[in-house]
Amino acid sequence: MAFNYNLATLAFLLCFLAPSFAALVQEQPLVLKYHNGILLKGNITVNLIWYGQFTPIQRSIIVDFINSLNSKGAPLPSTSSWWKTTEKYRGGSSSLSVGHQILHEEYTLGKILKSQHLIALASKTHFAVSSINVVLTAKDVVVDGFCMSRCGTHGSTKSRSGRGTYIWVGNSDLQCPGQCAWPFHQPIYGPQTPPLIAPNGDVGVDGMVINLATLLANTVTNPFNSGYFQGPPTAPLEAVSACTGQFGSGSYPGYPGRVLVDKVTGASFNAYGVNGRKYMLPAMWDPQSSACKTLV
């Protein structure tokens with residue numbers, strides 16, 4: 001079972017709401033029910049399968065993001081303080097670390113992929129309950145449903161090596177940055193407000209970080225469709241997908257909220273990471289307050 005992270009439909013429906021009406025909607029308590037299943041807790045290895053051409057700098061942006069999730073060295077508001085919200089879900093903390101990295105730069109499956117290709121790529125490293133296999137596709141790779149109904153996917157599968165989880169995230173830079181890299185590009189629908197400057201200078205990869213952050217949180221809190229979610233299991237609202245489009249205080253549909261701005265570059269961000277990195281991370285549902293929580 002795979003769960004799509006879809007910004008397009010939600011953005012299309014919400015961008016036409018007046019901010020005052022959106023505020024009334026946001027005041028209603030949001031409850032993600034726990035369905036008594038397994039969550040991913042403890043030490044979790046994140047294996048990365050890079051499909052297509054990524055520069056070393058692009059790869060380092062994403063690797064640094066994952067390494068930032070459990071690092072205590074960054075100033076506040078930090079990427080690790082954002083991730084710490086997952087500890088409020090049952091079972092304690094989830095400590096992520098980068099494991100294997102596999103480069104598929106020769107497009108061995110072509111440049112048009114279907115869902116079964118994503119699972120085949122995720123299977124390049126063994127599946128295990130204590131790992132998440134992440135497939136990252138380059139900007140010139142077309143994936144079934146990408147930009148039309150999803151910016152990424154998470155799911156689970158069984159193999160000879162065991163039961164495990166996987167994630168796919170695509171680089172939308174050439175295909176749909178207004179859909180899958182907002183707020184770093186003007187949105188396809190709704191108010192055409194000026195885009196924010198991406199914190200790492202790469203609209204596509206900074207957008208991938210937002211989507212990867214979303215799917216990592218959704219995966220550890222609902223890995224096998226029996227964790228935390230609201231709505232039908234085939235199209236659930238999960239830890240971060242329930243809070244789409246919120247990055248700072250005062251956010252409303254079409255406006256990401258008040259975030260931090262780098263005084264030198266003018267780039268917008270809301271979280272510090274390792275190696276001097278800055279990231280923009282989405283709001284996450286907080287089980288204690290039953291509300292979407294932003295870092296700033």
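**Figure 1. Cys151 and Cys180 form a disulfide (cysteine sulfur atoms within 2.5 Å).** Their sulfur atoms sit 2.1 Å apart. The S-S torsion is about -80°, so this disulfide is left-handed. Cys151 lies in the loop between E7 and E8 and Cys180 in helix H6, so the pair ties together parts 29 residues apart in sequence. Cys151, at 0% relative accessible area, is buried (under 20%; exposed is over 50% and partly exposed in between, with a 1.4 Å probe and protein chains only). Cys180 also counts as buried, at 2%. Please note that this is a predicted model: local features need pLDDT of at least 70, side-chain atom pairs count only at pLDDT 80 or more, and totals for chains, interfaces and linings use all residues. Residues are numbered from 1 along each chain as its sequence is written, and side-chain values use heavy atoms, leaving out hydrogens and water.

**Figure 2. A disulfide joins Cys147 to Cys176.** The S to S distance is 2.0 Å. With -70° about the S-S bond, this link is left-handed. Both Cys147 and Cys176 are buried.

**Figure 3. Cys243 is joined to Cys292 by a disulfide.** Here the S to S distance is 2.1 Å, and the torsion of about -85° makes the disulfide left-handed. Cys243 is buried, at 0% relative accessible area, whereas Cys292 is partly exposed, at 23%. A search of the whole structure finds three disulfides, and with the bonded cysteines numbered in sequence order, the pairing is 1-3, 2-4, 5-6.

How values were computed:
Helices (H or I, at least four residues) and strands (E, at least two) are DSSP runs, numbered from the N terminus.
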